[in-house]
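Please keep the sequence and the model in view while reading.

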Amino acid sequence: MQKQYIIIGAGASGLCSAIVLARKGIQVTILEQNKKVGKKLLATGNGRCNITNSDISPKHFHSQNPSFIKEVLKGFDTKKIEDFFNSIGIYFTTAPDGKVYPMSLQASSVVNALEYEASSLGVDIITECKVNSINRQNNNFILQTSKDIYTSTHLIIATGSLAYSSLGGSDSGYEFASLLSHPLIPRYPTLVQLKTSTTYTKICSGVKTDASVKLYANGEFITQKDGDVLFTDYGVSGLAILDISRFVSMHLAQFAYCQLQIDIMPHISKDKLTHMLLSCIDKNSQKPLWLYLNGFINHKLAKAIIQHSKTKIKYEKELNRKEIAKIVYSIKNFSLDIEDTRGFDRAEVVAGGVDTTYINPKNLESKLIPKLHFLGEVLDVDGDRGGYNLHFAWVCGMRVADV
């Protein structure tokens, strides 16, 4: 039988692998359960598609098998990804923070170019096709689907993960891996908002501020992330929260008590802030305490700080060094008890997945079943925010053609 590939999933790694394989003259069929290809791709980078990052290094990726990441990334830097996209008519622009986007700043241009290139190379893309079962027979893969029965010599599982289930994310790839005797690393959501049982966030819901966020698990310092924090009715969001969420999610999965300590004014030292607040007290002022603090901080946040500090005073004229110390402490250590994340449906990425110990990093082929490949997010690899997860997906797609 002539070499034939079936790819389950028309996302980033699925479309990329289809193109590189078809360019080698290999017959490729993609089976996609959604109506259109690249549905999750269209939502990335707030619709602009953060394709990759100018700073590609294993330090931006996570796995229980770090050496696997190093091997996969070796030789596949930002320039390699750019060359591939230039070959399909997509050109890059790089933001000051290192994030790389299509010059059009439209995710749709990336999806359209990938789909056009795959189709023009003869890739058969079958949408609204759900794979129900996979069997091995005479060294071939037999796939029972909602549309037909398909047979191939090689099979690529590029189904993505549980993240963004509203955009087609599912756990089908994990189910296929289990059926094909591949061990799984426990999954948990990452790059996700956090829920708190602390009521202060409801007071300042809708307020966004630059902050420095520290995570403590069972009282032990874990990590710190800097960036904006958005307070909400359910808890916290924002870039710093997304960045720290992986570590929160991991410790919550281990039943640890997780607490965030947020420095709401990270660019002003405790001493300087104390001096500022003390120096402008008017001992004759009837001004409410929240209004006094509003000269330094958002009024909603000021009210939350007052509650957090447990100060009993109500007016500016009552302030003294002891009460200012309480307020400064709360501003620099605004603590929130984290009870949960917002789950897989709200997560941008999922940590955990197919155990990479059993995957060849050179071409993503299974070490247990020949001619079976796992690509992208279905694997136990997740990247930081900033284009790293898509970079890994493209690299997987290119490496699978190393046959």
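Helix α7 gives the largest share of the lining of the second largest pocket, 4 residues, where helices (H or I, at least four residues) and strands (E, at least two) are DSSP runs numbered from the N terminus. This is a predicted model, in which local features need pLDDT of at least 70 and side-chain atom pairs count only at pLDDT 80 or more, while totals for chains, interfaces and linings use all residues. Residues are numbered from 1 along each chain as its sequence is written, and side-chain values use heavy atoms, with hydrogens and water left out.

The second largest pocket is lined by 18 residues, and those nearest its centre are His60, Asp243, Asp384, Arg385 and Tyr388. The elements that give two or more residues to this lining are α7 (239-253) and β21 (382-383). A pocket here is an open set of points on a 1 Å grid over the protein atoms alone, where a 1.4 Å probe fits, with protein on both sides within 12 Å along at least five of seven lines, and lining residues have an atom within 4 Å of a point. The volume of the second largest pocket is about 240 Å³, a volume being the space filled by probe spheres set on the points. By class, the lining holds 4 nonpolar, 6 polar and 8 charged residues (Ala, Val, Leu, Ile, Met, Phe, Trp, Tyr, Cys and Pro count as nonpolar, Asp, Glu, Lys and Arg as charged, and the others, Gly among them, as polar).

| Helix pair | Axis separation | Angle |
|---|---|---|
| α2 (66-73) and α12 (388-399) | within 10 Å | roughly 65 degrees |
| α10 (299-309) and α11 (321-332) | 9 Å | about 115 degrees |
| α1 (12-22) and α12 | within 7 Å | roughly 30 degrees |

The angle between α2 and α12 makes them roughly perpendicular (65 to 115 degrees, whereas angles under 35 degrees count as roughly parallel). Their crossing is left-handed, the near helix being turned anticlockwise from the far one by less than a right angle, and clockwise in a right-handed crossing. In α2, Phe68, Glu71, Val72 and Leu73 meet His391, Phe392, Val395 and Arg399 of α12, contact meaning heavy atoms within 4.5 Å. This contact comprises 5 nonpolar, 1 polar and 2 charged residues.

Helices α10 and α11 cross in a right-handed sense, with Ile305, His308 and Ser309 of α10 contacting Lys326, Ile327, Ser330 and Ile331 of α11. Their residues divide into 3 nonpolar, 3 polar and 1 charged.

Helix α1 is roughly parallel to α12, and their crossing is right-handed. Ala12, Ser13, Cys16, Ser17 and Val20 of α1 make the contact with Leu390, Ala393, Trp394, Gly397 and Met398 of α12, giving 7 nonpolar, 3 polar and no charged residues.

Notes. Axes are lines fitted to C-alpha atoms, for helices over the stretch in contact, and angles run from 0 to 180 degrees between N-to-C directions. Angles under 35 degrees count as roughly parallel, over 145 as roughly antiparallel, 65 to 115 as roughly perpendicular and the rest as oblique.
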